[in-house]
Amino acid sequence: MSIRLSTKLLKGKSKIVALSLILIMLSTSLVVSILLTADYLTYASAKEKYMSLPVDYYATVTFANKPYSYLYEGIMSDLSSLKDIVAVHYMYDSYMYKVDIEDKTKNQTFRIEEMGSIFLGFDFSDSFWRNQVILENNSKYPTSPNEILLDITLAEWTNISIGDKIRIRRYDATGAYEENITVVGYFKAGEFLNYHLKNVEGIIYCGVFVTNIITAMDIMSSLYTTPVFQFRYHVWVNRDNVINAWDEVTTMKNINAIEVDISKILYGTQGIFRVDVESPLRETMREYFASAKEYGSQLIFIVVLVLVFVALATLIGGELSVETRRREFGLLKIRGSKSSILSRIISIEWFMIGILGGFLGFILSPLIGYVITFVVSPSFALEYNFIQVIIPVIQHYFVTSIAIGLALTILSVILPSRRVAQIKPLEAIREYLESEEISVKAINRKTNIALVLIGSYFLGDFILGLPIINTVLDIAHTSGASVMINLAEILYFIEITIMPLLAPFIIAMGLVNVIVSFSDQLASVFKVIVSPLTGKGALVAARNFARKPLRTSLIIFMLTFTIIANLTLGSGIATVKNHITVDTKMKVGADIKVEIFSLRPFDFTNRRIINPINNYPGVKTVVRGFIETFSGPYLLGKINLVALDPEYLKTNYYKNEYLSGVSVNDAYNLLLNNYTLINIAAAKRYNLSIGDIVSIRDPLHPSLIVVNYCIGGYYKFLPGVFDDMLAPQTTSGIYAIVNLETVWQLLEERYVVVVPDKTFLFIDLDNGVPAEEVAAQIRSLLGEYQIDGKVYVLNQEIDRMLHKEFSGALLSLYETGLLFSSTLIALVIFVSITISIIERRRELALLRVRGFMRNMVSKMLVGEAILIMIVSLIISIPLSVLMIISWVSGTTMILPYLQRYLQVTGGVIYPPEWALYVLPIDIVSYLLAILIIFVLSFVIPYKMISKKPLPEEVRIYH
């Protein structure tokens, strides 16, 4: 009976049903499409990571004695037979240390220290290695014993020519390879061999010798009493079969299973002394899944936020649906319908809408997700087919979509169904303009004032860190009671995650109801505000505001809610964008940053690279820098030396805010005079004071002090040098900035003592000079001198961070979520007010019967909208400002590490450019559009219904 009655009641409410259905459908489709888009980004990001990986596994096998060829070749054959392995390549791999390379032809000697050289033996019949050992200058591959290739970099440094005879001997002990070794050519490493030398061996630029495997082992046997017979096996797998980008457990299980199979073969081989199996694939996927979980937690944040938006909106829509149908329900009660039956009718109405809306939302979600991917990450969208990617996971969200639709509808009818039971039939059917009015006593001022105070506390706690909850947490930990600790931790979690989101809305809800409860007293004030728009209808507009406090407060709250959401989240997202921009500037530290991996020391000293770059048109300054770690018996233990040209402190990227106890100009002069700047975290940890001495010793001869530095001040940030700009603050080690020239003596000698892993060039350009063109010239220069390096252009890096990387895509997903959720709320407002206007058709028609013209009624409705908008802005703008302060203060979830920075640096305010003090124009424009839509939502529905004859308008449907 309830279903039949509910269906009959809905027959005359097709517009209400359609609008409510659209609301639920868009809500579920938005949430599911965001989840699908996140899955798509997850897949695309994983694919980018693991498909670009140079190698999946590499196994280091050390034989106890010199192995026969059938042993190391047999291992490759056994590994190749394993399931999912598609390729295996091996080589002999061993270090040479403390040796002299004697060039007999030229009668000269080159010395290699501890960190000097590596000897590689290849099977040159393997085409893979021929492609990795790229010959230079008409060279040839070794074809007979005692023929050898030299890395072209080493050849330039040592001046060894093709055809020269060399001898290798130990300089600290007896032992030499006396056979005449003939240099038959030069080579440079291919992409994979270059990766291996850098990432596995740690070789930067010098000392790579290549020959056949047998000769390589003979040489090492002659040089060392305990030679190392070490082979490296590089293994590639069918990654698409092994990896499931959405299933961490299965993926890691597959990767570990292959590693175990590799280990079984190696440990089961005769004569092997030691086995080490490492998996770049495992580490890459572990890092990926960890970052995906972090991104997933942030995604939950935005999904919950959207659901909160929609839930509150649908709740308000349900309230308005009941409020505007009071007379209808009053008539049904007069005819004998019980309150329980009417409550059930409302529940069934929304239940049917929820199921249908959830289903339609699920059908619509792939299309919305497809559109979002092109907004969020166009590069991924063009590379990977969206539909094909999400097919394996889309079915998982069918139940989710239906559940969201039902949850929203159930939430929408909880309070409305109870309110139906409280409707008094006689009061419900009173005419709109009768003298009896609905009492505002239903609005409990004390309760709402309490809501304002509670919300204010949580907002204040979020921004200022009020002590109550922290005190409870401390007491719980002091007591040691696990129950109290768990309860306190839950309370703390709610405080820092959920309450900051709800606080402004709790305040808004309380303030709205308090203001509306005084609407009768404020009617004359409202009349003055709207009189220019409504003329004779000013009093009617003002009294409408006052006469329907529940309806008015709900609409005010919806608009206030939307304004706060737009201003707060818009500012927060803009702050993150601004942070990414500033973060990129700090990491680049100039218009162009060149990160070099193979630059020889004499290239720096004779400025082979620097001078040409300085001569490029538009180049203002070129600054050199590198970081080298000194570990040993120093005065203070391990020291990370940051060697810079002092001119770096004069660039636009370095500011006084990044220093402590010294200004930028003073720091520049100090570095010129053998002083150093120490990171402030190390100064606090080790109690270092200005005037203390830091000693740098020769890493190979610890008794020799190379140079002493006097501490002249502290620094907080060193933009442009560190990959992680917070490393100097959070590390327990000492980072000391010194003048690069004072440590250059360590690099000038051919007896290599210090070789930095990376060297940097920071290039500032004149205004208006296209950085991309200069960067192209630098890349060409590096290629000309065969220098391995990367060139980072500031603008390109910002664009990459904002649009192409997964983090940038996630930020765009936040923006898209804000756009869709705000649009959804605007639609909810339009739908709810349209329902209200449709249900007020009799009241508005009676105004026309009493002499009001259509345009006068329209102006009156605009006046009501203006009143509601003014009250909403009065409440929302101060609350939004407070929330914006929290966005930029580093206390929110979206910028958590700013708080770490503040803690480490003793609460020093971070540089002002990190904060966002002005709302971006697109957010302001969007907000204005919402306000315009809000006003039109009063006028457009009335224009539609006012075209009907008056008798039709005053008719009651039941």
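Are R239 and D56 buried or exposed? R239 is buried, and D56 is too; here buried means under 20% relative accessible area, exposed means over 50%, and partly exposed falls in between (1.4 Å probe, protein chains only). What you have here is a predicted model, where local features need pLDDT of at least 70 and side-chain atom pairs count only at pLDDT 80 or more, while totals for chains, interfaces and linings use all residues. Residues are numbered from 1 along each chain as its sequence is written, and side-chain values use heavy atoms, with hydrogens and water left out.

**View 1. The whole chain at a glance.** The chain has 37 helices and 22 strands, taken as DSSP runs (helices: H or I, at least four residues; strands: E, at least two) and numbered from the N terminus. Of its 958 residues, 56% are buried. The accessible surface is about 40400 Å², with 59% of that belonging to carbon and sulfur atoms (Shrake-Rupley method, 1.4 Å probe; for residues, only the protein chains shown count as cover). Take the contacts between residues at least 6 apart in sequence, and 81% of them join residues at least 24 apart; a contact means heavy atoms within 4.5 Å.

**View 2. R239 pairs with D56.** Their side chains meet in a salt bridge at 2.7 Å, N to O, the rule being a side-chain nitrogen of Lys or Arg within 4 Å of a carboxyl oxygen of Asp or Glu. R239 sits in helix α8 (residues 239-242) and D56 in the loop between α2 (14-51) and β1, so the pair ties together parts that are 183 residues apart in sequence. By this rule, the count comes to 15 salt bridges.

**View 3. Two strands joined by E102 and R169.** The closest N and O atoms of this salt bridge are 2.3 Å apart. E102 belongs to strand β3 (residues 99-103) and R169 to strand β8 (residues 165-170), so the pair ties together parts 67 residues apart in sequence. E102 is buried, at 13% relative accessible area, whereas R169 counts as partly exposed at 28%.

**View 4. E201 meets R232.** This salt bridge comes in at 3.1 Å, N to O. It links distant parts of the chain, with E201 in helix α6 (residues 191-201) and R232 in strand β11, 31 residues apart. Both ends are buried: E201 has a relative accessible area of 6%, and R232 has 8%. Back around E102 and R169, salt bridges that share partners join D100, E102, R167 and R169 into one network.

**View 5. The buried face of helix α3.** In α3, the buried residues are L71, Y72, I75 and L79. Looking down the helix axis, they fall within an arc of 90°, so they line one face of the helix; the arc is that of the directions from the helix axis to the C-beta atoms. Their cover includes β1 (57-63), β2 (85-96), α7 (213-223), β11 (229-237), α9 (248-267) and β12 (272-278).

**View 6. Helix α33, mostly tucked away.** Seven of the nine residues of α33 (residues 841-849) are buried, so this helix is largely enclosed by the rest of the structure. The buried ones are R841, R842, E843, L844, A845, L847 and R848. Just after α33, G851 takes a positive phi of about 115°.
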